[in-house]
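Dear colleague,

Please find the structure below, handed over for your records. My notes on it follow directly after.

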Amino acid sequence: MKNSNVTSNEVSVDEQAFENADEVTVDEDGFEVVDETPEFRPSVQMEIQAKVDSNHPDARLEAARDHIYGKTLVQEERIQGREAELASISAKAVFGSQEGREERTREIVVEQTGARRVEFLKRAGCVNPMIHPERADPREMLPPEQLGAVNREAMRLAEKLKGWSRAAIGRHLAEAVVGGLDLTSAVVGTFEKLQTAPGVVVPIGKLESISREEVSIEGRVVQLWDSSSPVIAQVGLIEDESGRTKFTSFVRSNPKSVQEGEQVCIHGAAKSWYQGRVSVAVTGWSTIHTPERGRWWE
């Protein structure tokens, strides 16, 4: 009969190492045998590279407070961004569910915008009293018959003056009439004033009477010619119903090129004089618009 009690002779590696710790191996001559196998140790560069590799986003093997297990840095940023987006959506949903919140916000914004506009007009009214918000409308000072005549003239001038509304023209006319001018003189003076106002496209024939140095004109290019100067990109003549003048474009301003026969609008051109004649120059602050270019349906 076999004995069921089996004794294991297996010994762990640690136990073997402890038992063999005091054992010394000697050769046939009785000399102690020394293990000459070299001990491999990492260099400083290898230790540094190991730290770099262990901190690399693709080598994160365990979770920590500053990163997610098994995710690269790009994936972590996407996850965190999505979580922040969901939190923001939840917050908006909570605040948006408050009754009347959107309407109250809209009313506050309108009120603040109106207050800022009034404050701006008060400051601008120090230069131009006509636009001061506390100044009475001059049209209210006119009798009904005179007010009707002013409105009719304002409607007629609105068809000739680009960029001016009938109400704005009527206010200017009423201001002139209240100031003591007759209606005819007020119409002529208002037309000339608004026709050459800053920022408005002025007739080419009125360039000589304009005192400011920056103007905007519109007309058709009737002639282009080559320039002998390498700094000039284009030079030619532009005209409208009131007259014609010379225009010059400089290379360093990087202007838009134009063609003969093309309708051109030049905003912010510099007015200059040459041999007693007025001309305009396209500068770096100028813009050239060609409304007819690219009209494929014609």
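On a 1 Å grid over the protein atoms alone, a pocket is an open set of points where a 1.4 Å probe fits, with protein on both sides within 12 Å along at least five of seven lines; its lining residues have an atom within 4 Å of a point. The model is a predicted one, in which local features need pLDDT of at least 70 and side-chain atom pairs count only at pLDDT 80 or more, while totals for chains, interfaces and linings use all residues. Residues are numbered from 1 along each chain as its sequence is written, and side-chain values use heavy atoms, with hydrogens and water left out.

The largest pocket is lined by 19 residues, and Lys160, Lys162, Gln195, Pro203 and Asp240 lie nearest its centre. Helix H7 contributes three residues, the most of any element. Helices (H or I, at least four residues) and strands (E, at least two) are DSSP runs, numbered from the N terminus.

The protein chain has seven helices and six strands, and in sequence order the pattern is α-α-α-α-α-α-α-β-β-β-β-β-β. Of its 298 residues, 22% are buried (under 20% relative accessible area, with exposed over 50% and partly exposed in between, using a 1.4 Å probe and protein chains only).

Helix H6 spans residues 166–178. Its buried residues, including Ile169, His172 and Leu173, pack against helix H5 (144–158) and helix H7 (183–195). Just after H6, Gly180 adopts a positive phi of about 115°.

With kind regards

Definitions and conventions
The expected span of a helix is 1.5 Å times one less than its number of residues. Contact means heavy atoms within 4.5 Å.
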